[in-house]
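Open the model in your viewer and keep the selection panel at hand. Each stop below tells you what to select and what is there.

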Amino acid sequence: TRLTTEQMLPIVDKMDKVGYHAVECWGGATFDASLRFLKEDPWERLRKLRDGFKNTKLQMLFRGQNILGYRPYADDVVEYFVQKSVANGIDIIRIFDCLNDMRNLQTAVKAANKEKAHAQVALSYTCLLYTSDAADEEDSVVLGGRRINQKKKQKNEVQQHIHTANK
């Protein structure tokens, strides 16, 4: 996230020839890091990457109703951000909500589908204490997501965290 756009561009052509389905290059912390630390325009970065990746789809991480931040935004703001993300080069939008609240995914998924982007609904869970049964595959299909991704911490990572916490 701390590489400048100019540092990234020299490798883009080689990466584009590898045959990756997609490169996740935007969203999440990259937007904030571009503005805050690199003093770069994240939209310009996206357009430059789109120009360089002629054969590879560009993917972003999208925090549902929170867009790329940590507080919820109005539906029209979410819709407009999705529209501009796709217009500037994003093909695939991986959408999640930290609480797995399907209501926080609806607007982003609908907006991605409207813009003809590939909406991936991602569910987050852990095996620490409990998991939410509200975030299941059926809900994702109802939202219009085309693929379901699951993030899960490995048991050994969890055991390491518990061991460290008990010291």
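Start with the second largest pocket, which has a volume of about 200 Å³. A pocket here is found on a 1 Å grid over the protein atoms alone: it is an open set of points where a 1.4 Å probe fits, with protein on both sides within 12 Å along at least five of seven lines, and its lining residues have an atom within 4 Å of a point. Grid points are joined across faces, edges and corners, and the volume is the space filled by probe spheres set on the points. This is a predicted model, in which local features need pLDDT of at least 70, side-chain atom pairs count only at pLDDT 80 or more, and totals for chains, interfaces and linings use all residues. Residues are numbered from 1 along each chain as its sequence is written, and side-chain values use heavy atoms, with hydrogens and water left out.

Select Met8, Val23, Glu24, Cys25 and Leu49: of the 15 lining residues, these lie nearest the centre of the second largest pocket. The elements giving two or more residues to this lining are α1 (5-18), β1 (22-27) and α3. Helices (H or I, at least four residues) and strands (E, at least two) are DSSP runs, numbered from the N terminus. The lining divides into ten nonpolar, two polar and three charged residues. Ala, Val, Leu, Ile, Met, Phe, Trp, Tyr, Cys and Pro count as nonpolar, Asp, Glu, Lys and Arg as charged, and the others, Gly among them, as polar.

Stay on Cys25, then select Cys98. Which is buried and which is exposed? Cys25 is buried, at 12% relative accessible area, and Cys98 is exposed, at 58%. Buried means under 20%, exposed over 50%, and partly exposed in between (1.4 Å probe, protein chains only).

Next, show helices α2 (residues 29-36) and α3 (residues 42-52), which pack at about 115° with their axes 9 Å apart. Axes are lines fitted to C-alpha atoms, for helices over the stretch in contact, and angles run from 0 to 180 degrees between N-to-C directions. Phe31, Ser34 and Leu35 of α2 meet Pro42, Trp43 and Arg45 of α3; contact means heavy atoms within 4.5 Å.

Move to Gln65, in the loop between β2 (57-62) and α4 (75-87). Gln65 is buried, at 8%. Leaving aside residues up to four places away in sequence, Gln65 touches several residues, including Tyr73, Asn104 and Thr107.

Finish at Gln120 in strand β4 (residues 118-125). Gln120 is buried, at 4%.
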